[in-house]
Amino acid sequence: MNDIEFVAGVSETLAEEYRKAKRYVDEVPTQSLLHVRSFAHRLTTLLAAQALVTFEGPNLYDHIEQLNQQRLIDVRITRALHRIRADGNRGAHPEKYHLEQAQLQQLARKAIRDLLKLVELVYPLLRRQDAPAYQFDEFDAMGGRELCFRAVMEDDSEAQYLLGMSFKSQALMARQQEQALQPEENVPKQQAIPYLAKAAYWFSQAAAHDSRAKFEHGVALLHGYVGAADVAAGQQLIRDAAEAGVVDAMALLGYFYLVGSGDITADIAQAEKYLTAAAAQEHAEAMANLGVLYYKQGDLAAAYHNIAQAAKSGYPHAQYHLSLMLARGEGCQQDLSASEQWLAEAAEQGQLDAMLARAQHMLNQEQAFGSDMSQAESYLRQVIRYGHSVPAMIELAIALTDGSLGRIDVVEAAAWLKLARGRANEHEQQVLQPLWQSLAQQVARVLALSKDKAEQRSLRRAQELLADQS
């Protein structure tokens, strides 16, 4: 018995999701992870049906918690489902998690193994017997070639769409790395352009027969994947895909109506219509934007409900905003402990504002939840790299100066202050000036007393950085 046959012994429906997740693990890892999440959805539905339980809503987080609270699954299964849910979330927007293609493939491969471990745990619950032995068949190295053959030789619209998605995800991750703050020689530029062109081509090929591809073709035209953007044509294709029921299209069209974009004038009623339709299908970003809509209207209870649902679905931006609402008691009972836990969750998933806030809490509050100075430093460096954040540069410089990180490095601190000065706005310049002067005075005092030649060299280098006003 191989691994697919093992899963099929529980459910053919689960086996089909598992086959797809495994098939695309290397060529289209984003799609693989989406099938991983779908697998978890279907599994919770099977567990609930066996116990004649009806779920109260579509949210996977709530499904898992409801099964756990009713003691239909134990702690191991609960944790395994939440882990798979979190990994699956990364498939929708890998660039927001600062992942590279190799990391995404590794995550997809790990998720496949985690699915099998989960099936081993639930097998006795669903089949009333111990899980049988099985052999894991290694990942098919021919999967990518098979996908390309279907796309080119068979003109298969689904294969064409999947190839487009593979190139799009690689383009977005490459662009994020290009825009990250790091030494120029380490980052080849313009890598995203050929990926975007390939994605646009395959979406255009599949658009006539696949509504998902029609949506992506619209996005490609809207953002000018190849040449100049065509906003009107792009938005029309997105509208057509939304009317065809493509959930991503409904979510994006709702956002356009929320903020007004291109040829679409802001229209709250239309925004609510499309965002609600997408949210009903558990589109996390649509839930979050629906929360924003209600927040702007002053309906804080409805805003809190939708943002909380998006946060539970694993959307990092919603987790950060849920943390803020809990801290302020907006639309809910104020709960500082829960606020910090959601902030930590958002930071762990790479939300830059949350990472900065968590680092600041860990560095500056003695009783901060889960304080870890090495984690605080890592967060600050990631916020600087991906967000080019001046406050993070300042915070890291202070920590390197006062020993909060277990060491003092005035040269690096001076380098961060210098970089921050070149990027700071007027308010940030006012914060920087006294820090700059204080560090310069500190370096001068220590240099006057130092007898160590290596230390003297470091201090002089710091003085050079602080003396350079450019």
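User: Taking buried as under 20% relative accessible area, exposed as over 50% and partly exposed as in between (1.4 Å probe, protein chains only), which class does Arg-19 belong to?

Analyst: Arg-19 is partly exposed, at a relative accessible area of 27%. The model is predicted, so local features need pLDDT of at least 70 and side-chain atom pairs count only at pLDDT 80 or more, while totals for chains, interfaces and linings use all residues. Residues are numbered from 1 along each chain as its sequence is written, and side-chain values use heavy atoms, with hydrogens and water left out.

User: What does Arg-19 pair with in a salt bridge?

Analyst: Its partner is Glu-12, with N to O at 3.7 Å; a salt bridge here is a side-chain nitrogen of Lys or Arg within 4 Å of a carboxyl oxygen of Asp or Glu. Glu-12 is exposed, at 51% relative accessibility. In general, side chains of opposite charge can pair when their charged atoms come close.

User: How many salt bridges are there by that rule?

Analyst: The count is 23. One of the salt bridges joins Lys-110 to Asp-114, whose closest N and O atoms are 2.9 Å apart.

User: Where do Lys-110 and Asp-114 sit relative to each other?

Analyst: Both lie in helix H6 (residues 101–127), and because they are four residues apart, about one helical turn separates them. Helices are DSSP runs (H or I, at least four residues), numbered from the N terminus. Lys-110 is partly exposed at 36%, whereas Asp-114 is buried at 9%. The two also belong to a network of salt bridges that includes Arg-83 and Asp-87.

User: What about Glu-412, which residue does it meet?

Analyst: Glu-412 forms a salt bridge with Arg-381, at 2.8 Å from N to O. This pair links distant parts of the chain, 31 residues apart, with Glu-412 in helix H21 (residues 410–423) and Arg-381 in helix H19 (residues 373–387). Arg-381 is partly exposed at 30%.

User: Changing topic: which residues touch the most other members of the largest nonpolar core?

Analyst: Phe-215, Ile-238, Ala-249, Ala-318 and Leu-322 do, in a core of 48 residues. Such a core is a set of buried Ala, Val, Leu, Ile, Met, Phe, Trp, Tyr and Cys residues joined through side-chain atoms within 4.5 Å. Apart from it lies another core, of 42 residues, including Leu-99 and Ile-112.

User: And the second largest pocket, what is its volume?

Analyst: About 690 Å³. Of its 30 lining residues, Ala-86, Arg-90, Glu-345, Glu-348 and Gln-349 are the closest to the centre. A pocket is an open set of points on a 1 Å grid over the protein atoms alone where a 1.4 Å probe fits, with protein on both sides within 12 Å along at least five of seven lines, and lining residues have an atom within 4 Å of a point. Grid points are joined across faces, edges and corners, and the volume is the space filled by probe spheres set on them.

User: Which helix gives the most to that lining?

Analyst: H17 does, with seven residues.

User: Last one: where is Leu-52, and what is its phi?

Analyst: Leu-52 is in the loop between helix H3 (29–50) and H4. Its phi is near 60°, a positive value in a residue other than glycine. Leu-52 is exposed, at 77%.

Notes. Helices (H or I, at least four residues) and strands (E, at least two) are DSSP runs, numbered from the N terminus.
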